[in-house]
Every structure is written in C-alpha cells, then in structure tokens.
Amino acid sequence: MKSWPFWIAGTLVLAVLFHISAILAYPHVVMGVLHSRVVESEGANKMTAGPRASAEARGVVRPSPDLLYAICAYDLTSGPVKFSAPVPDTYWSLSMFAANTDNFFTVNDTQAARDEVEVILVTEDQIVPDPKGIPIVVAPSAKGVALVRTLISSEDKLPALQEAVKAARCSVM
C-alpha cells in the first residue's frame, strides 16, 4: 500500500492547524509588542502625546499627518484606570483596544456631553466605590491601549490642539 496519501493528509492537517493557530495568535502578538514598546518608553498608565505624524512616524499604524495622537498602555492589574481629556472644537476621539486588538470602546467629540471626557476603565471583578457620575467601562482584558486622536482642522489652531492633546490623562485610581 502506498503511504503518500497519508503524508498529504497529514501535511494538510498540520497546515490547517498552523494557519488557525497563527490567525488566533497574531492579534495578541501585535498588541503585546505595541503595549511593551509604549510601557518601555513611557511607562504604563500614562498618556503620552506624540509629535505630529510624518512619513517617518510609525508609533501608530498608518498615522495621518492631519491628526495628533496620544497613547496610553493601560494595565488594570494595579486597579481601575481613569482617563480624562479635554475635547477641542474639532474632530476628537478616545478609543480603547483590548489585548487582542478589538476596539471595545470609543467616544468622539459629537458624543461628548461636555468639553471634557472622563471614563473609568475596570476589569469585571474591580469595583469603583464612588465613581462620581463618571462612566465605567469594563475592559475585556487587563492590558491594552487607549488612543486619543484629534483632527488638525487648521494650521492656525495647531498650538492649541497640541496643548489639548498633551492635557489628556490616564492614571490608576
């Protein structure tokens, strides 16, 4: 009896298993690398505003030169993390990404009830005794990344927009 059909079947099974494993692992690896880079350079639970995006900038995937960015690698193992940021008079958003790259929370300037957004991020088992009316968001993972984006609507407004992005905060409560 010829053994080559078994070798082909075994190779196909291994290829399928490897493919599925790679697809499941890739998002976690990508976010783990990003999280580690931000923590190494800036620390965990600290919002950091980057310079205006250029052709050389790659801190954010496919950055736009029309946007200003601030990033925070959050780590909820130390407790709930509070995010706060002023909302300028242009497009603005705060997005939160889980350890598998899923975007699980976003708020933008049109959804903001005030000129400042505050959010408390927790794990399922963490409790905030007195949130003082600040919305609580349950994160699907203890580690991830939060990203603030602000549109540069006019070059004249650039200094004020840069100050607004630098005023964004991320800290353990």
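**Ground rules**

I number residues from 1 along each chain as its sequence is written, and my side-chain values use heavy atoms, with hydrogens and water left out. Since the model is predicted, local features need pLDDT of at least 70 and side-chain atom pairs count only at pLDDT 80 or more, while totals for chains, interfaces and linings use all residues.

**Entry 1: the sheet**

I started with the strands. Helices (H or I, at least four residues) and strands (E, at least two) are DSSP runs, numbered from the N terminus. Two strands pair if DSSP finds at least two bridges between them. In which order do the five strands of the open sheet stand? I read β1-β2-β8-β4-β5, with antiparallel pairing. β1 (48-49) and β5 (103-108) each have a single partner strand, so one side of each edge strand is left without a neighbour in the sheet. I then followed β1 to β2 (residues 67-75): two bridges join this antiparallel pair. A49 has A70 in β2 as its bridge partner.

Next I looked up the helices on the sheet. Contact here means heavy atoms within 4.5 Å. Axes are lines fitted to C-alpha atoms, for helices over the stretch in contact, and angles run from 0 to 180 degrees between N-to-C directions. Helix α1 (residues 4-42) packs on the sheet and touches β1, β2, β4 (92-97) and β8 (143-151), with its direction at about 95° to that of β2. Helix α2 (residues 158-166) also packs there, touching β1, β2 and β8, and its direction makes about 5° with that of β2.

Is N108 buried or exposed? I use buried for under 20% relative accessible area, exposed for over 50% and partly exposed in between (1.4 Å probe, protein chains only). N108 has 19%, so N108 is buried. N108 lies in strand β5. Leaving aside neighbours within four places in sequence, N108 is in contact with Y91, W92 and S93. On the same terms, the contacts of W92 include P86, V107, V117 and V148.

**Entry 2: the cores**

A nonpolar core is a set of buried Ala, Val, Leu, Ile, Met, Phe, Trp, Tyr and Cys residues joined through side-chain atoms within 4.5 Å. The largest one has 29 residues, and M47, F83, W92, L94, M96 and L121 touch the most other members. Two or more residues each come from β2, β3 (81-86), β4, β5, β6 (116-122), β8 and α2. β2 gives the most, with four residues. I also found a second, separate core of ten residues, A53, I71, V145 and L147 among them.

**Entry 3: the salt bridges**

How many salt bridges does the structure hold? I noted three. Each is a side-chain nitrogen of Lys or Arg within 4 Å of a carboxyl oxygen of Asp or Glu. R52 pairs with E155, their closest N and O atoms being 2.8 Å apart. R52 is in the loop between β1 and β2 and E155 in the loop between β8 and α2, so the pair ties together parts 103 residues apart in sequence. R52 is partly exposed at 30%, and E155 is partly exposed at 48%.

K82 and E118 meet at 3.2 Å, N to O. K82 is in strand β3 and E118 in strand β6, 36 residues apart. E118 also forms a salt bridge with R114, again with 3.2 Å between the closest N and O atoms. Shared partners join K82, R114 and E118 into one network.
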